[in-house]
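Welcome, and please have your viewer ready. This short tour moves from one selection to the next and tells you what to look for at each stop.

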Amino acid sequence: MDTTEWERRVALLWASSDEQREEDFLARVAELAEQAPGSDGAGTFERAAAFDSTGHPDLAVPLYRQALDLGLTGERRRRAVIQLASSLRNLGRPEESVALLTAELTGESDHLDDAVRAFLALALVDVGREREAVSLALGALAPHLPRYQRSLGNYARQLVES
């Protein structure tokens, strides 16, 4: 199966995930993962995401790591980091989550930047760094407001400067 067809099938499967029994969904994802073209870890990532979305972060974490080790690239790589960090946080390992997402902020910027910041803010709360978390969340929110962007951005910075 070519990449375009595989991606189409993956998208359709995810679009119908809420309508399927967990066991059926996981089986279908596993089947599609085996058919993934290439060896960049995309299929492994999809399996990890499926376990994660069905409430099994413990099963997702090793698969996210494996997908990243296989050379996952592009948007899936960034999503894998975000989702791995979220799963680690949910498993009571927020320090690892903070480390992963902090490193991710130094990478190339894209449309997932605010997602990185949002999940980092959650992890920061879990490690007792609430002011930094609020600052980060407000800083991510500020550019999306129709007014007060500059003011809110300044207030967000002041939270961690004082």
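**A tour of the aromatic rings**

Start with Trp14, which counts as partly exposed because its relative accessibility is 25%. Keep in mind as you go that this is a predicted model.

How many aromatic pairs does the structure hold? There are two. Colour the helices and you will see that the pair links distant parts of the chain, as Trp14 belongs to helix H1 (residues 3-15) and Phe25 to helix H2 (residues 22-34), eleven residues apart.

Next, select Phe45 and Tyr64. This aromatic pair is tilted, with the planes at 45 degrees and the centres 6.0 Å apart. Here too the pair links distant parts of the chain: Phe45 sits in helix H3 (residues 42-53), Tyr64 in helix H4 (residues 57-69), and 19 residues separate them.

For the last stop, select Arg147 together with Tyr148. Turn the view until you look at the ring of Tyr148: Arg147 lies over its face, at 5.6 Å from the ring centre.

Definitions and conventions: Residues numbered from 1 in each chain as written. Predicted model: local features only at pLDDT ≥ 70, side-chain atom pairs only at ≥ 80, totals over all residues. Heavy atoms only, no water. Phe/Tyr/Trp six-rings, centres within 6.5 Å; stacked < 30°, edge-to-face > 60°. Helix = DSSP H or I, 4+ residues; strand = E, 2+ residues; numbered from the N terminus. Buried < 20%, exposed > 50% of the residue type's maximum accessible area, 1.4 Å probe, protein only. Lys NZ or Arg CZ within 6 Å of the ring centre and 35° of its normal.
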